[in-house]
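Okay, thanks for coming, everyone.

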Amino acid sequence: MLTVDIQIHQPYALTSPLDLHARFELPAGRCLGIMGASGSGKTTLLHSIAGLLMPSAGVIRSGDSLWFDHKQAVQLPPWQRPVGLVFQDGRLFPHMSVEQNLRYGMPAVLARIVLPEVVDILAIQPLLKRKPSELSGGEKQRVAIGRALLRQPSVLLMDEPLSGLDDQLKQQVLPYIKQVIATFGLPTLYVSHVGDEVAEVADEVFMLAQGQLRQVVD
Amino acid sequence: MWNLSPAELAIVLLSLKVAACCVLVLLLPAIGMAWLLARKQFWGHALVDALVHLPMVLPPVVLGYMLLVLLGRRGWIGRWLYEQFHIQLTFHWWGAVIASAVMAFPLMVRAIRQALMQVNPLLEQAAQTLGASPAKTFLTITLPLAYHGVLTGGILAFSRSLGEFGATITFAGNLEGETRTLPLAIYSLTQSPEGDAAALRLVILSVLVSVAALLVSQWLERRLLRSQR
């Protein structure tokens, strides 16, 4: 279970000043979708959970593990948070093969999610020896999802994973994402500005606007 | 004309040894300094930057003299080195290494710094979300992606060391078999009435060694590039 109750105050944000309050609980096996316009703070929220940004106040907890607590001055660095973050642009390491990318975050022992399983679900076996520069946009995102999963995360964060793809590729990748969420049962936060996409993946959908998260009923 | 005498061969080997050691000695400090200047903002950044580049604008003889004051047998640090460990850098080939390393340091830092600045910090961020500590991120992402800068810096340092004269002769001296590298040997020969032919041979040898070093580095770069594609 991921518990988030944070405030983010960024008076000098790139687009406009950002004041955000996010409060939600995300149990295992559930996928929470967050929609919002560009600059509403979706990526900022995910980066705060991953430890790449520090919220102004509040608490982030994953199960019994405290990741952030402003009052207790707890701030785990990103490399100590078992988070699988899929970036908008994939961010595959260009000097490594697909297989090396996949193995990068894998623990040496006690892997719950194993390479053959991930490779199989995402259908990336033929790509293993290739370099990221030899992959299409959809293939890159599938590898990025696999890499995040093999980190053995306790929460999966997807930051507009399909935003760089055309409609045809989106339709190709979307089933893989749904399959991943269904198979591994990880609490998943799926962020996008495309309502249909979020609705297709998520169990419940929230709208992020004016710094507040509001549940979308229909 | 083209048969190298044992003395000439010794000069070439000494020059190569000094240049290779210069690169090895500089590698870690240059990478560290380049990273500091490329990635960190701190009070005094501009001053450190200026100090790093000082050897590029100061006359080499001035630097040689400064090294003598610092590391000479009666120098501030040199005296202590000699009294504690019996280490004397002047009139020793390690002195030539240090003199050329000081001269080559800014060249190496500049090349690596430029390469580090071209590495996308978002990739480092991605590595950290995959559990990589800053040290692992640097060693597995940043440095491999900036390898061409390290290679270029190494070549520049090697070449600078091969051609170093002023600081070496001032600090390490011009001792045959110990600190007399190619440029110093050429200089010595031009000072003697019958040395012209031998000096010309060493000049040609100098050019050949430098061209060979450049060819090897280009070959190395191509190989590295191929392995990363």
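Predicted model: local features only at pLDDT ≥ 70, side-chain atom pairs only at ≥ 80, totals over all residues.

Let's start with chain B. Have a look at helix 1, residues 6-39, and helix 8, residues 147-163: their axes come within 8 Å and cross at roughly 140°. So, going by that cut-off, helix 1 and helix 8 of chain B are oblique to each other. The crossing of helix 1 past helix 8 in chain B is right-handed.

Who's actually meeting whom there? On the helix 1 side, you've got S15(B), V18(B), A19(B), C22(B), V23(B), L26(B), A30(B) and I31(B), and they meet V150(B), G153(B), G154(B), A157(B), F158(B), S161(B) and L162(B) from helix 8. Sort that contact by class and you get 11 nonpolar and 4 polar residues, with no charged ones.

Now over to chain A, for another pair. Helix 3, residues 115-122, and helix 4, residues 137-150, have axes that come within 10 Å and cross at roughly 150°. That angle is over 145, so helix 3 and helix 4 of chain A are roughly antiparallel. Here too, the crossing is right-handed. From helix 3 we have L115(A), V118(A), V119(A) and L122(A), meeting R142(A), I145(A), G146(A), L149(A) and L150(A) of helix 4. By class, that contact has 7 nonpolar residues, 1 polar and 1 charged.

Setting aside neighbours within four places in sequence, S154(A) is in contact with S62(A), G63(A) and P82(A). And R81(A) is 73 residues away along the chain, yet its C-alpha atom is 8.6 Å from that of S154(A).

Last thing: how do the chains touch? We have 15 residues of chain B in contact with 15 residues of chain A. On the chain B side, helix 6 (121-129) and helix 7 (134-145) each supply at least two residues. Helix 6 gives the most, with 6 residues. By class, that side of chain B has 8 nonpolar, 6 polar and 1 charged residues.

Terms used: Residues numbered from 1 in each chain as written. Chains lettered and ligands numbered in written order. Contact = placed C-beta atoms within 7 Å. Helix = DSSP H or I, 4+ residues; strand = E, 2+ residues; numbered from the N terminus. Nonpolar A, V, L, I, M, F, W, Y, C, P; charged D, E, K, R; others polar. Axes fitted to C-alpha atoms, helices over the stretch in contact; angles between N-to-C directions. Parallel < 35°, antiparallel > 145°, perpendicular 65-115°, else oblique. Left-handed = near helix turned anticlockwise from the far one by under 90°.
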